Amino acid sequence: MKANYHTHTKRCKHAQGEDEEYVLSAIENGYEVLGFSDHTPWAYKEPFSSNTRMDLDMIEDYVISIRELKEKYASKIEILLGLECEYFPEYMDSLKEMIKKYDIDYIIFGNHFYKTDEYREYYGRVCSDDIYMERYLMGAIEGLKTGLYSYLCHPDVFMRARRVFDDVARDISYKICRYAKENDVLLEYNLEGMRIEDEGREAHYPCAGFWKIASEVGNKAIIGVDAHRPDSLATDHYRSIAKKRLSDLSIEVVDELPFKF
Ligand SMILES: [Zn+2]
Ligand SMILES: [Zn+2]
C-alpha cells in the first residue's frame with residue numbers, strides 16, 4: 001500500500017500550495033492514503049505567534065478543508081485528518097481537548113522544541129550542545145509515554161545541529177531505538193531531510209549512524225514524505241532511495257498507521 005501520513009499545508013507558514021493540490025498530486029502518483037498532519041496550533045498562555053505553525057484560529061479552516069477534500073475524493077483516495085504535534089507538557093490537556101473537539105484521526109510526534117516553542121529552542125539548532133541532546137531524549141521518551149502519537153517523526157532530527165554522529169549522538173540513538181522497540185513505536189524515515197540536503201542545505205538526517213543502530217536494535221520504520229509542497233508527493237525518487245537503504249539494513253517498513261485513539 002502506498003501511503004503518506006506526513007503532509008503539511010500552507011497554514012504552517014513554511015509550506016506552499018493549496019490543500020487540493022496535495023491531494024491531486026497524491027492521486028496522480030498512486031497514493032492510496034494521504035494523511036494531512038500540519039503543525040498543530042497550541043493554546044498558549046501568553047500571546048505568542050509561531051512562524052512555523054498555524055495559529056489557533058486556523059484550526060477550524062484546516063479541519064473543514066481536509067474533511068471536504070476527504071468527501072470530494074473519497075472514490076479515489078483515502079484522506080485522513082491528522083496533526084504533527086510536539087510534547088509540550090503544560091499544554092497537553094488543551095491538545096487532547098482539540099483532538100476530541102475536531103475528531104482528529106491521529107497525531108504524529110515531531111519532537112522539535114524544548115518545553116514549548118515560546119522559548120524558541122529548536123532541537124535542530126541547539127543540539128550542538130550536549131545538554132540539549134539529553135533534553136531531546138527526555139522529551140522524546142516522556143512524549144511517547146503519553147501513548148497518543150502514532151509514530152515518532154524524524155527521530156534523528158537532532159543531527160541537524162549535531163552534524164557529527166559522535167558518542168553522545170550514538171548514546172541517545174540507542175536509548176530512543178531501545179525505547180521504541182520495547183514499546184512498539186514506529187520510527188519515521190523522513191524524506192524531507194533528504195530533499196533539504198539535495199537542495200544544498202544541511203540536514204544531516206536521515207542519519208546513517210542512527211539507522212544502523214535502529215537496524216541493530218530491530219526497530220520498524222515508516223516512511224514519511226513530510227511534504228511541504230505538493231510536488232514532494234509527485235516523485236518517488238527519495239522514497240526509492242529510502243526503501244533501498246532500509247532494505248539493505250533489514251529494517252521492516254510498515255505502511256499502515258497505528259491509530260491510538
Ligand atoms: Zn517535524
Ligand atoms: Zn513535518
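Q: Which residue bridges the zinc ion (ligand 2) and the zinc ion (ligand 1)?
A: Glu84 does, and the two ions lie 3.4 Å apart. Keep in mind that this is a predicted model, where local features need pLDDT of at least 70, side-chain atom pairs count only at pLDDT 80 or more, and totals for chains, interfaces and linings use all residues. Residues are numbered from 1 along each chain as its sequence is written, ligands are numbered from 1 in the order in which they are written, and side-chain values use heavy atoms, with hydrogens and water left out.

Q: OK, what coordinates the zinc ion (ligand 2)?
A: His6 (NE2), His8 (NE2), Glu84 (OE) and Asp226 (OD), at 2.0 to 2.3 Å. Donors here are N, O and S atoms within 2.8 Å of the metal (3.2 Å for Na, K and Ca), and water is not among the atoms, so sites may look incomplete.

Q: And how are those donors spaced along the chain?
A: As H-x1-H-x75-E-x141-D.

Q: Is His6 buried or exposed?
A: Buried, with a relative accessible area of 0%; His8 is buried with 0% too. Buried means under 20% relative accessible area, exposed over 50%, partly exposed in between (1.4 Å probe, protein chains only).

Q: Switching topic: which charged end sits over the ring of Tyr31?
A: That of Lys2, 4.6 Å from the ring centre. The charged end of Lys115 sits over the ring of Tyr119, 5.8 Å from its centre. The test is NZ of Lys or CZ of Arg within 6 Å of the ring centre and within 35 degrees of the ring normal.
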